[in-house]
Amino acid sequence: MSPSSGRMPAPREPVVRVTGLTKRFGATLALDRADLSLRHGTVHALVGGNGCGKSTTIKVLAGVHRADGGRIEIAGTTWDAVDYDARAGRSAGLRFVHQDLGLFGDLSIAENFAFDAGYPTGLAKRIRWPALIRRVRGLLHAYEIDADPQTPVGALRPAQRTLVAICRALQDQEADQHLVLVLDEPTATLPQHESDALLTAIRRRADHGQTVLLVSHRMPEVLSVCDDFTVFRDGRTVATLLDRTPTEQELVAHMTGTVLARTIDETVTPGALAEHPPLELPTAPPPPAPADDADPETVLSVRGLSGGPLRGVDLVVRRGEVVGVAGLVGSGRSSLLRTVFGQHRPDTGTVVVRDGAGRRHDGGDTRSRMSAGVAYVPEDRGGEAVFADLTVRDNLSVAVHRQYWGPWGMDARAESVDAAALVGRYGVRTASVEVPLAALSGGNQQKVVLARWLRRSPSLLLLDEPTQGVDVMSRADIYATVREAVGGGCAVLVASSDLLELCSLCDRVVVLQAGRVTAEVSGAQLTPDTLTALTQTTTAEPAAAPAAAVPGASR
Amino acid sequence: MSVTHSPPAQTSSSVAEDSTPRPVTRRRGRFRGLAERHALLVLMVAVAAFFSLFPPSADRFPTSENLSVLMGNQATVALLALALILPLTCGYFDFSLGATAAASTVLTAGLMSFHDLPLGLAVSAGIGLGVAVGAVNGLLVTRWGLNSFVTTLGMATLLGGLVQWYTGGQTILAGLDPRLAQFGSEELFGIPQVVYVVAVVAVLLWYLLSHTPFGRGVYAIGSNPRSAALVGIRVQRSAWTTFVLAGGIAGLVGVMALARAGSASADNGTSLLFPALAAAFLGATSVRPGFFNVPGTIIGVLFVSVAVSGLTLSGASAWVSPVFNGASLLVAVGLSHYLGRSRGASTA
């Protein structure tokens, strides 16, 4: 059985201790001697900006990645991190609930539990349904989940679904055995009131003696629920705060490293931070002047845009300007781009686009947006941008088919010549234009998608995570391509979770929080640290509006 | 999966690294591609040559009479196979096309026989029925997102039942305009007239699928409907149009079948549908491997009919024909899957 069984850790005694954890991906050092220590019966927050190494740590603990160095100690058993694997973590009592909960929505709660732990069977492998349902009902009761075991998981509210996943992960916990629950961004896609409900429930589990490691980007949440805090930056532990709730500014200051050196510091006092004023954060931008609309340089003008996660976005993008959109998952980053492209119809608000000839267009679907000169490179390349089994030539000409059509059909020769020219111009590495796109690497596929749109000479280019899953070389090519288009007068709106990318590519970055523009940064202020601080601190009051706009009954 | 060449594994690799193996791969890839594209045609020629030399069939197989009968009999299957590839290219099955053709046959005959309608009106009604059925199928599948497999299977069963009701289970023989049967049996320059109809439809469809923005859009939808919507292709409308066109062609198949047979039996169209499906999937392994296409489909029909005719003339029993059709369908689907690009099956 598990090594942790039979041994009851004393309250607040460390149950998980990770020391000197190092993990290298090629030339990048994702974890650089990071430390993490969880005390029994506490909720421990692991926080940090993008790429700080917290996801890597979770993946090492889950056995997805194997560390290059360090020690991992769980409930008295110690591993060299190099020898640690998924099985070791499980037998030592680590249980993971990822952002994708891995539940089967059409099946009942009881069956979801059974897929994890196995069905209780009787004679001739017959499933003993009453036994299963009785056991699951007991578990749900113990975890204070108000649902019947036979309810389909899809019928539950989002917070309840997460709780069911947590309960399932911990279902084999015996009375004398203490599992450690690792929650990876559990509230990222939940609306405010749902995540409140979930956090309350997590807090209650901790008060019952459950040890929880919580990874989250939402500062108010971790502050409201966590006992201890570990802050990562650049793969190192920069702060460990035990039994003390810091202020939001203090945590963000640790994340961005403006105050503290990169050393483990267990004795941070609030006063030490007050001497160093945190980053001067710009406040909400002044509303754009009304004259902007008539200005011929204004390519995109968004006013009071609401719908989906968006709650009144105002935005102006001018000719030859690159504007970035930063924000956490669920902030409405992608929805903004999709709405501008006419894929979502807004509830209220206007989107006015000026085409290359200076005419203004408002409203309309994807096709009318395209004819207004808008181009859109979606985030999900495989699912929404490429035609993997069609040739490179087909993928390049799919948005301009009509220009090759004459009385004698499609002009295949002109199409091939143009495709070859585009492949050369945008540096696509392919054996020929007649090769299926699937044969190209991710970076080259993305170049093809970009070329497909740029050949239309768009007046507004929308990019959603333009370099996701793209190798370093292609990334540089893509940046150069975007800059070239901008040089030609194209306006670009780019949404990205890569803050460094936003800083290097954009003239200006707007920060979205809960569907609103809460800040705008440009010039010298445009640094990854400023953006980290702005995306993660609450400058707006997101609770009121979403709670009113998303009635719980409809979920 | 890459069939024609090896993908550049790392784009960041140096130029020298990947310039060495490529010429070899490419030449081999080109040969493989060529062999793949024309394997079915070569196989058909080989089968035809075999039956022309094989003693039991050698005196009757390679004659112009046999060729004429063969083409005339396969005209309806060929037309139906062409109808099938339209929704298949979009990624949808339409199993109701056989039943649509049967219903069109019965309606055309019935209108002339029971209601004394003129030939032109009856034929228009038959084709119009096909268009209407296609429109309903298309609406159910594209607008309401129902599964095409089940929807069209339901429609096929429904139409089969209606055919039984309309004819009372009897074959309609009397009261048909003789000009129709005449058209079905006469030849022009030694080739049955119905074959010209097939040729015209095939050329039109080939132009539509390979040489219009609409056709290119249809292939894009079959490849990735979500991407297609995001490059401004009207996905629902295009898919619906393929159902309507397929229905219309199936209606025409019904009229051709009536012209060939000179009578309308209470049939559910399955005997027509399955060979046509086999031909369509065989066609997807040829000319443009991995994609349903018009020339490939025609080659597929000819391959099946040449083989079956040869077998029959060599004295093989009646059961040989369905066995051969079934076996070639299995092989065709297997080959399409091996090529890894058949989307028809993946959407079911």
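Two residues count as in contact here if their C-beta atoms, placed from the backbone, lie within 7 Å. This is a predicted model, so local features need pLDDT of at least 70 and side-chain atom pairs count only at pLDDT 80 or more, while totals for chains, interfaces and linings use all residues. Residues are numbered from 1 along each chain as its sequence is written, and chains are lettered from A, with ligands numbered from 1, in the order in which they are written.

**View 1. Where chain B meets chain A.** The contact draws 33 residues from chain A and 27 residues from chain B. H10(B) gives the most, with six residues. By type, the chain B side splits into nine nonpolar, 13 polar and five charged residues. For that tally, Ala, Val, Leu, Ile, Met, Phe, Trp, Tyr, Cys and Pro are nonpolar, Asp, Glu, Lys and Arg are charged, and the others, Gly among them, are polar.

**View 2. Strand E13 of chain A and its two partners.** Chain A has 19 helices and 22 strands, and this view picks out E13 (residues 322-326). E13(A) pairs in the parallel sense with E20 (residues 491-495) over four bridges, where pairing takes at least two DSSP bridges. Look for A:Val322 opposite A:Val492 in E20(A). Four bridges also join E13(A) to E21 (residues 508-513), again parallel, and there A:Gly324 sits opposite A:Val509.

**View 3. Inside the largest nonpolar core.** A nonpolar core is a set of buried Ala, Val, Leu, Ile, Met, Phe, Trp, Tyr and Cys residues joined through C-beta atoms within 7 Å. The largest one has 247 residues, and those touching the most other members include A:Leu462, B:Leu80 and B:Ala280. Helix H12 (residues 235-261) of chain B gives the most to this core, with 16 residues. Leaving aside neighbours within four places in sequence, B:Leu80 has contacts including B:Leu97, B:Ala101, B:Val253 and B:Leu272.

**View 4. Helix H6 of chain B, end to end.** The 25 residues of H6 (residues 119-143) should span 36 Å at 1.5 Å a residue, and the end C-alpha atoms are 35 Å apart, which agrees. The expected span is 1.5 Å times one less than the number of residues. After H6(B) comes B:Gly145, with a positive phi near 70°.

**View 5. A:Trp408, out in a loop.** A:Trp408 lies between strands E17 (405-406) and E18 (409-410) of chain A. This Trp is exposed because 8 other C-beta atoms lie within 10 Å. A:His193 is 215 residues away in sequence and 61 Å away in space, C-alpha to C-alpha.

**View 6. Domains 1 and 3 of chain A.** An automatic or database assignment sets the domain bounds, with domain 1 at 12-93 + 178-194 + 201-245 and domain 3 at 285-373 + 458-539. Their centres, taken over C-alpha atoms, are 34 Å apart. Seven residues of domain 1 are in contact with 10 residues of domain 3. The domain 1 side divides into three nonpolar, four polar and no charged residues.

Notes. Buried ≥ 20, exposed ≤ 12 C-beta atoms within 10 Å, placed from the backbone. Helix = DSSP H or I, 4+ residues; strand = E, 2+ residues; numbered from the N terminus.
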